[in-house]
Amino acid sequence: MNLNVAVIGPSDLVDKVVEVGSVFQELTMIPNPYLHEQDTLEVVARVREQADILLFTGPIPYQLALDSEPGLPMVHVQYSGTTLYKVLFDFYRTQLLEMDGEIRISVDVLLRHELEEQLDELGLVRRQIYVKPYSAGTRHEDLVAFHYELWSQGLVAATVTCVTSVYQQLVELGVPAFRVVPTQSSIRDVLNRALLEGKSLRLSSTQMAIGILNIDHFERVVKEAASDYEVQRKKIILQQILIDFGEETQSLINWTDSGEVSFITTRGIIEQVTRKFEQAPLLLEVMERLQWRASIGIGLGRTANEAEGKAREALLKAKAGGGGNCFLMMQDGQVYGPMGSELTLKYSARSEDPELISMAKKAGLSVGTLNRLISLCRRLDTRALTAAQLAEGFGITLRSARRIMAALEKYELATIVGEEQPVGRGRPRQIYALHIDGFF
């Protein structure tokens, strides 16, 4: 089966990628041009259901999409220093520069050391180059202003940009502008990467997935039931739900005498059922129809033992703070949860960053908790939180959230900067500013 590759970028570059990609028999190219880079997320939202891989014609739309975490493999065409060769040829062809003249240009997105290497190889030692690399948060207007100010001050004779909208605006302003476009070899490289990503995707979709559904506080639920008949009726309903789920997902269901049921399937099916690890339809149906609180942990792994181990870890996270949640853990320690909530977070339970490890030890928290906190702040686009926001985002009790915030404050990883009054009655909520700037 072919892989559907959504090609996203300016129309002329999309056409170029589609043309080069036509010789890749295992790839089905789906052109999705935009008018402006700011339309990237809208295009991604439109194509994500029909695409297996997202391919961007440049690094900027790729970065914009990456920040939004679309849940699909993504690649982009590399803009290296070698792409400058054609631009230099255009300089001389248009007689903008003399062969022995000094090169005075402004360049965006490309890296200075790559530019310097290429110019050295060409023997162009007389040069004055101003470079503005792209970073998260850089706006279209910033790049236009960078080039225009240098040109208007007479510091550069020409401008070089990798961004189509910037090129168009500079031309409108009367600035000598040259646009860097990817070479055919760089396009072939990214198509080969897309093919490798696709093969990796196919392999990962066959990973084993084990889920464990546990009725929270089952013994207490049984004791508080009106009669044994009520418990038996609900067990029959649970069986019906799981039989339907097993048929839909082709899962092997394993029943136990306790309030726990496990199911075995593949990653690809779980990814499809949960809409790329965002929803938890099984948990929702169980809690709605039985009126029993339940938790689900799902683990992915190369073997049954590995997948079950991850499922147990995920179940512990789902039951933390009272239960009623669904978490998924991958073999590399990546965690998704609480699935089905408006604030499903993606974070790693591990870290090799010595600063983060030191910070976690200092506060008496796990590395996973700090990674989860960072993920929540990114999701909410803020570094100031209340304990109530933390409780909602983590799917834990308010008491547990306050304990985490108190630990962060005690060890100067958070500071109280204000308070807010909740709607209705209740004591004011303290607002904490987090001091973990290096991880945003």
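**Stop one: a parallel pair**

Select strand β5 (residues 103-108) together with β6: they pair in the parallel sense over six bridges. Helices (H or I, at least four residues) and strands (E, at least two) are DSSP runs, numbered from the N terminus, and two strands pair if DSSP finds at least two bridges between them. Before going on, note that this is a predicted model, where local features need pLDDT of at least 70, side-chain atom pairs count only at pLDDT 80 or more, and totals for chains, interfaces and linings use all residues. Residues are numbered from 1 along each chain as its sequence is written, and side-chain values use heavy atoms, with hydrogens and water left out.

I103 has R127 of β6 as its bridge partner, and V107 is bridged to V131 in β6. Next, follow the chain out of β5, through helix α5 (residues 112-122) and into β6: this β-α-β crossover is right-handed, meaning that, with the strands pointing away from you, the path from the first strand over the helix to the second runs clockwise. Axes here are lines fitted to C-alpha atoms, for helices over the stretch in contact, and angles run from 0 to 180 degrees between N-to-C directions.

Which residues of β6 sit on its covered face, and which on its uncovered one? Show side chains for residues 127-132: R127, I129 and V131 are on the covered face, while Q128, Y130 and K132 are on the uncovered one.

**Stop two: the whole sheet**

**Stop three: α7**

Helix α7 (residues 164-172) comes next; color its buried residues, T164, S165, V166 and L170. Buried means under 20% relative accessible area, exposed over 50%, partly exposed in between (1.4 Å probe, protein chains only). What do the buried residues of α7 pack against? They pack against β1 (3-10), β5, α6 (140-152), β7 (158-161) and β8, with contact meaning heavy atoms within 4.5 Å. After α7 comes G174, with a positive phi near 80 degrees.

**Stop four: two crossing helices**

Jump to helix α14 (residues 354-363) and helix α15 (residues 367-380), whose axes come within 9 Å and cross at roughly 110 degrees. That makes α14 roughly perpendicular to α15 (the label covers 65 to 115 degrees). Show L356, I357, M359 and A360 of α14 with V367, L370, N371 and I374 of α15, which make the contact.

**Stop five: two single residues**

Select S186 in helix α8 (residues 184-205); at 10% relative accessibility, S186 counts as buried. Leaving out residues up to four places away in sequence, S186 touches V77 and Q78.

Finish at E419 in strand β17 (residues 414-420). Is E419 buried or exposed? E419 is exposed, with a relative accessible area of 56%.

Methods:
Parallel < 35°, antiparallel > 145°, perpendicular 65-115°, else oblique.
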